[in-house]
Amino acid sequence: MARHLRPEGLDFVDSAPVRMVFAREVSAPPERVYRALADDVADWPEWFPAVTAVQPLDGGAGRDVRLRGGIRFRETVLAAKPPELYAYRVDATGVPGVRALVEEWRLTPAGAGTRVRWTFATDGTAVYRVLARLARPGLGRSFREAVAALDRRLAV
């Protein structure tokens, strides 16, 4: 993880050069979904197939995340407001070309369940920005599969 990224704040979610927003409803209430996102981070690999390991750091203020393909992120939690908002930024990674990355998970009641909205906000070199935009369909599929698996997990 040689590359240190710009330390963007939560406002980057609205101002990033590349923003992708995905949403899906689940049957569990926001409180349960929030716990799975923010409190049970080590369990992410059980429902998010792209994630192979998550290690909470600094008493939950940060995370070390490993993805398939050997990608690794060192993250800082920017917002943890139960049961509606969980957001973090990537501080360091080995991914070439990336300069800033913030992810935000917003949870809103939807009947008896929850509307889960994930925003992926990033910046980088021109080549990175093009590749990030081309990755949109794959990120969307990964989000949908992960949230569907989370929904099944929380229904048990």
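Is glutamate 8 buried or exposed in terms of relative accessibility? Glutamate 8 counts as buried, because its relative accessibility is 19% and buried means under 20% relative accessible area, with exposed set at over 50% and partly exposed in between (1.4 Å probe, protein chains only).

## Basis of the model

This is a predicted model, in which local features need pLDDT of at least 70 and side-chain atom pairs count only at pLDDT 80 or more, while totals for chains, interfaces and linings use all residues. Residues are numbered from 1 along each chain as its sequence is written, and side-chain values use heavy atoms, with hydrogens and water left out.

In soluble globular proteins, nonpolar side chains tend to be buried together.

Once residues up to four places away in sequence are set aside, leucine 37 touches Trp44, Trp47, Arg63, Tyr86, Trp105 and Leu107, where contact means heavy atoms within 4.5 Å.

## Salt bridges

Across the whole structure, a search finds 12 salt bridges, each defined as a side-chain nitrogen of Lys or Arg within 4 Å of a carboxyl oxygen of Asp or Glu. Arginine 63, which is also a contact of leucine 37, meets glutamate 75 in one of these, at 2.7 Å from N to O. This pair links distant parts of the chain, since glutamate 75 lies in strand S5 (residues 72–81) and arginine 63 in strand S4 (residues 62–67), 12 residues apart. Both partners are buried: glutamate 75 has a relative accessible area of 2%, and arginine 63 has a relative accessibility of 2%.

Arginine 72 forms a salt bridge with aspartate 64, with the closest N and O atoms 2.9 Å apart; here arginine 72 is partly exposed at 31% relative accessibility, whereas aspartate 64 is buried at 9%. Salt bridges that share partners also join Arg6, Glu8, Asp123 and Arg129 into one network. Within that group, the side chains of glutamate 8 and arginine 6 meet at 2.8 Å, N to O, and arginine 6 is partly exposed, with a relative accessible area of 33%.

Notes: Helices (H or I, at least four residues) and strands (E, at least two) are DSSP runs, numbered from the N terminus.
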